[in-house]
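Work through these exercises with the structure open. Each task is followed by its solution.

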Amino acid sequence: MGNYLLRRILGAIPLVVGVATLIFFVLNLAPGDPAAMYSNPNLPVAVIEQLRRNLGLDQPIYIRYFKWLGSFFTGHFGYSFAQGRPVLDILLEALPATLILAFWALIVVFVLGVAIGIYQAVRQYSVADGVLSVSSLFFYSMPSFWLGLMLMLLFSLKWHEWGLPFALPATGMTGVDYDYLSFGHKLLDRAAHLVLPVTTLSLVLAAGIARYTRGQMLEVIRQDYIRTARAKGLPERTVILKHALRNSMIPVITLFGLYLPLLFSGAVFVEVIFSWPGMGRVIVDAILQRDYPVVMATSFLFALMTVFGNLIADVLYAVADPRIRYD
Amino acid sequence: MGSPLLEVTELRTYFRTDGGLARAVDGVSFHVHQGEVLGIVGESGSGKSVTSLSIMRLIPRPPGEIVAGSSIRLKGEELVDAPEKRMREIRGNDVAMIFQEPMTSLNPVFPVGEQIAETVRLHRRVGKEAARARAIELLGLVGLPDPEERVDTYPHELSGGQRQRVMIAMALSCEPDLLIADEPTTALDVTIQAQILELLAELRRRLGMAIVLITHDLGVVAEVCDRVVVMYAGQVREQGPVEAIFRDPRDPYTQGLLASIPRLGRRMELLTVIPGTVPNPVRWPGGCRFHTRCPHAWELCRREAPPLFRAGTGDVVAQASGAGTSAPTHDVRCWLETHPERRASP
């Protein structure tokens with residue numbers, strides 16, 4: 001296993017360099033001049049030229065490419081055009097917020113999705129199965145930005161208007177009075193702020209997991225070893241949650257790796273909608289400002305996390321299925 | 001012989017299908033005594049497996065259902081309407097089952113020892129360590145080499161024969177009174193088949209449990225069974241002691257099955273077969289259910305369903321056939337019993 005992991009990590013290096021290269025050239029060959037963004041068109045050409053030199057945009061693209069690539073090895077990522085600060089500082093500020101959001105969403109996606117899928121499979125063709133099938137298809141085909149806005153409208157705005165208690169906060173990670181709250185209330189405040197963004201981000205993805213789990217579970221329930229488990233006298237609960245679940249989770253684990261990019265791209269929308277101070281907002285702001293170093297570093301970090309997530313999925317795969325051995 | 005261990009009376013198990021009601025098992029009666037090996041023989045689709053799953057109450061419901069009026073008594077206790085909780089105590093403990101496909105009957109993601117120990121923990125309420133020790137002991141009992149090491153292997157690391165031994169170990173873990181073996185050797189190589197049968201026979205001698213051996217292979221029956229029930233189209237065609245069935249098969253279906261066993265040393269151009277296939281359980285043929293394939297069939301067979309006769313006497317066997325305490329009987333469901341003159345003209 002250790003050997004396999006080492007090989008996988010080594011194998012990921014060309015992939016990561018490839019991704020970095022692609023990000024760099026796609027962005028730098030795109031039309032538009034960052035220098036123009038940060039200057040008044042009435043300025044003398046010489047001043048704009050100076051600005052270009054300051055940003056390093058006067059050099060040939062391949063020089064910039066190697067400089068940029070080199071900045072990775074120093075862990076520096078260069079300077080933001082818009083803020084003039086090191087990109088690394090910006091990322092480190094935004095990363096925790098995104099990780100918190102993605103972590104909770106990931107948990108909700110898999111726990112909720114798998115639980116609903118199991119329930120539906122065990123009660124196949126029941127009314128509940130039908131209702132859940134229709135609603136998961138509903139959420140599965142819904143754009144998350146629209147869902148986010150609707151949830152915000154309903155649980156934040158209208159809820160408050162109707163005078164119902166516990167209207168959920170619609171923006172930010174913490175309330176305005178956060179600093180004055182006791183420790184317990186601080187936790188509560190953070191949790192309340194998580195509800196709507198996490199729900200928005202996870203419902204769409206959980207719907208997919210639920211449909212997939214249901215299918216896998218129905219497949220596994222028909223297997224001979226499930227009949228064997230019942231013939232041993234095991235209660236139905238053990239048959240389903242031990243013998244059937246473990247087997248039907250094997251293909252679902254593969255989805256873990258595939259879902260990470262969806263989760264991160266979903267986070268971009270959700271962060272913008274809910275003013276969540278994470279990487280998604282950073283990347284959107286940076287794109288609008290043609291702040292290439294920030295866009296490149298953020299995209300790269302998303303790619304890195306996806307590669308890492310796939311690695312975790314492969315390891316989990318081997319843990320769940322003893323027939324898989326990476327030697 | 002005392003009262004039987006298992007007494008199945010007028011068992012009917014029906015399935016609701018898109019095509020209509022499939023009467024897979026349709027009025028089957030038989031019994032098994034303590035320590036006896038009963039063979040249930042028949043082609044695929046004759047209702048053997050459904051019968052065994054009905055005894056365990058493992059018929060998927062819906063679409064399947066054990067019809068009211070059926071009776072399955074284990075040591076006098078009625079199982080047909082027993083609560084599910086009671087059935088769970090019986091399964092794996094009083095009655096255990098092994099299946100045809102050792103490749104797919106073991107859970108691929110758990111070590112074999114854990115799968116055995118799980119049953120022990122469930123029914124014997126012992127700790128993890130004791131259950132594991134018992135699993136090792138059982139693996140030794142069924143003749144798996146190096147049981148201390150094999151206990152932690154996964155099913156995919158074992159051969160088909162070894163897996164079937166694990167299945168048997170699992171079934172024996174709580175010393176059941178009755179072992180139902182549903183085609184335990186069908187999926188195995190011939191040499192392994194003999195080993196598994198020998199193992200079952202030996203375990204029966206040592207542990208004194210009764211075995212219901214379901215098979216379509218009469219050779220297997222001849223080797224290990226005391227009595228035989230021949231099933232066709234969801235009914236019992238013929239039942240009796242194994243010598244009687246082999247020496248004097250009275251039902252044309254049993255005769256057909258016996259004739260279709262290929263024999264070494266006998267020159268045959270063609271394998272003898274029973275023409276046709278088992279009919280559709282949604283529409284069993286009227287009259288005698290075998291008449292569509294029977295070489296002896298005449299109008300009576302097409303018109304009227306034969307009852308079960310006591311062999312050679314022409315007497316109709318009363319309900320709950322053979323459950324009596326006297327010597328084992330030989331019963332046949334065929335009109336030839338009352339029209340012996342027709343036997344000569346196939």
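**Exercise 1. Count the residue pairs in polar contact between chain A and chain B.**

Solution. This is a predicted model. Step one: keep pairs with both residues at pLDDT 80 or more. Step two: count them, which gives 12 residue pairs in polar contact between chain A and chain B. Step three: find the elements on the side of chain A that touches chain B. Helix H9 (224-231) and helix H10 (236-273) of chain A each give two or more residues there. Step four: sort that side by residue class. Seven residues are nonpolar, five are polar and seven are charged.

**Exercise 2. Find the salt bridges across the interface of chain A and chain B.**

Solution. The rule finds three of them. One pairs Lys242(A) with Glu114(B). Their closest N and O atoms lie 2.7 Å apart. The cut-off is 4 Å, so the pair qualifies.

**Exercise 3. Describe the extent of the contact between the chains.**

Solution. Start with residues: chain A supplies 19 and chain B supplies 27. Then take the area. The size of an interface is often given as the accessible area lost when the parts come together. Here about 2100 Å² is buried between chain A and chain B. Carbon and sulfur atoms give 61% of that area.

**Exercise 4. Which helix of chain A gives the most to the nonpolar patch?**

Solution. First list the patch members: Phe145(A), Trp146(A), Leu149(A), Met150(A), Leu153(A), Leu157(A) and Phe269(A). Together they make a nonpolar surface patch of about 650 Å². Next, assign them to elements. Leu157(A), for one, sits in helix H7 of chain A. Helix H7 (residues 144-161) gives the most, with six residues.

Terms used:
Residues are numbered from 1 along each chain as its sequence is written. Chains are lettered from A and ligands numbered from 1 in the order in which they are written. This is a predicted model: local features need pLDDT of at least 70, side-chain atom pairs count only at pLDDT 80 or more; totals for chains, interfaces and linings use all residues. Side-chain values use heavy atoms; hydrogens and water are left out. Patches are made of residues with over 30% relative accessible area and no salt bridge: like charges are joined within 9 Å, nonpolar side chains (Val, Leu, Ile, Met, Phe, Trp, Tyr) within 5 Å. Accessible areas come from the Shrake-Rupley method with a 1.4 Å probe; for residues, only the protein chains shown count as cover. A salt bridge is a side-chain nitrogen of Lys or Arg within 4 Å of a carboxyl oxygen of Asp or Glu. Helices (H or I, at least four residues) and strands (E, at least two) are DSSP runs, numbered from the N terminus. Contact means heavy atoms within 4.5 Å. Buried area is the accessible area (1.4 Å probe) that two parts lose on being put together, summed over both. A polar contact is a pair of N or O atoms within 3.5 Å; within protein, one must be able to donate a hydrogen and the other to accept it, and residues adjacent in sequence count only if both atoms are side-chain atoms. Ala, Val, Leu, Ile, Met, Phe, Trp, Tyr, Cys and Pro count as nonpolar, Asp, Glu, Lys and Arg as charged, and the others, Gly among them, as polar.
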